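Here is a short briefing on one structure. Look over the sequence and the model, then read on.

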Amino acid sequence: MLTADLLISLGIDLAALDPAPQWTPRDVPGLERLKVRHPCVCCGQPSTVVGAVEAPGFGRRWVDRCTRCLVAMTPRGRSAAPLEDTLDVLRKAVREAELTIPLKIVTDKA
Ligand SMILES: [Zn+2]
């Protein structure tokens, strides 16, 4: 579920998001917004989906995302393995692959 807290945890500035109108049952404003491919709020690539979030202090804001970022931000079921074990495997894979791109791991754990 798209929430203001999720966007903040990803470093997205809620004030920079375009104001969105109130939700309507057929969401016509959302369909209209898709006619222009706004930059994805996460990576800047052309967006393919549009959503909106109620941002405390900012009102309802558009959240334009590319498909890749939509998938990355979609919550999934919990792993059968403990989170630390999963993160250790991921860190090891990053080291072995000698990735030079920054890797940001976001979890709901402190
Ligand atoms: Zn993106």
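The points below cover the zinc site, the strands, the core and the helices.

This is a predicted model, where local features need pLDDT of at least 70, side-chain atom pairs count only at pLDDT 80 or more, and totals for chains, interfaces and linings use all residues. Residues are numbered from 1 along each chain as its sequence is written, and side-chain values use heavy atoms, with hydrogens and water left out. A zinc ion is held by four cysteine donors, Cys40, Cys43, Cys66 and Cys69. Strands E1 and E2 run antiparallel. The largest nonpolar core has 10 residues.

**Zinc site**

- The protein donors are the SG atoms of Cys40, Cys43, Cys66 and Cys69, lying 2.3 Å from the zinc ion.
- Donors are N, O and S atoms within 2.8 Å of the metal (3.2 Å for Na, K and Ca); water is not among the atoms, so sites may look incomplete.
- Along the chain the donors follow the spacing C-x2-C-x22-C-x2-C.
- The site is tetrahedral, with angles of 102 to 118° among its four donor atoms.
- Four donors count as tetrahedral if all angles lie between 85 and 135 degrees.
- The ideal angle for four tetrahedral donors is 109.5 degrees.
- Cys66 has a relative accessible area of 8%, so it is buried.
- Cys69 also counts as buried, at 10% relative accessibility.
- Buried means under 20% relative accessible area, exposed over 50%, and partly exposed in between (1.4 Å probe, protein chains only).

**Strand pair**

- Helices (H or I, at least four residues) and strands (E, at least two) are DSSP runs, numbered from the N terminus.
- Seven bridges join E1 to E2 (residues 59-65).
- Two strands pair if DSSP finds at least two bridges between them.
- Gly51 stands opposite Val63 in E2.
- Val49 has Arg65 in E2 as its bridge partner.
- The hairpin has three residues between the strands, and Gly57 takes a positive phi near 90° there.
- E2 is mostly covered, with six of its seven residues buried.

**Nonpolar core**

- A nonpolar core is a set of buried Ala, Val, Leu, Ile, Met, Phe, Trp, Tyr and Cys residues joined through side-chain atoms within 4.5 Å.
- The 10 residues of the largest one are Leu2, Ala4, Leu7, Ile12, Leu14, Leu17, Val53, Ala55, Val63 and Met73.
- Helix H1 (4-9) and strand E1 (49-55) are the elements that give two or more residues to this core.
- Leu14 lies in the loop between H1 and helix H2 (28-33).
- Leu14 is buried because its relative accessible area is 6%.
- Leaving out residues up to four places away in sequence, Leu14 touches Ala4, Leu7, Ile8, Ala55, Phe58 and Arg61.
- Contact means heavy atoms within 4.5 Å.
- By that count, with residues up to four places away again left out, Val53 touches Leu2, Thr3, Ala4, Leu7, Gly59, Arg60, Arg61 and Val63.

**Helices and exposed positions**

- Asp5 sits in helix H1.
- Asp5 counts as exposed, at 62% relative accessibility.
- Asp5 and Ala55 are 50 residues apart in sequence and 8.6 Å apart in space, C-alpha to C-alpha.
- Helix H4 (residues 83-97) has 15 residues and reaches 21 Å from its first C-alpha to its last, close to the 21 Å expected at 1.5 Å a residue.
- The expected span is 1.5 Å times one less than the number of residues in the helix.
- Lys92 is found in H4.
- Lys92 counts as partly exposed, at 46% relative accessibility.
- Just after H4, Glu98 takes a positive phi of about 50°.

Key. Four donors count as tetrahedral if all angles lie between 85 and 135 degrees; four count as square planar and six as octahedral if opposite donors are over 155 degrees apart and all others between 65 and 115; anything else is irregular.
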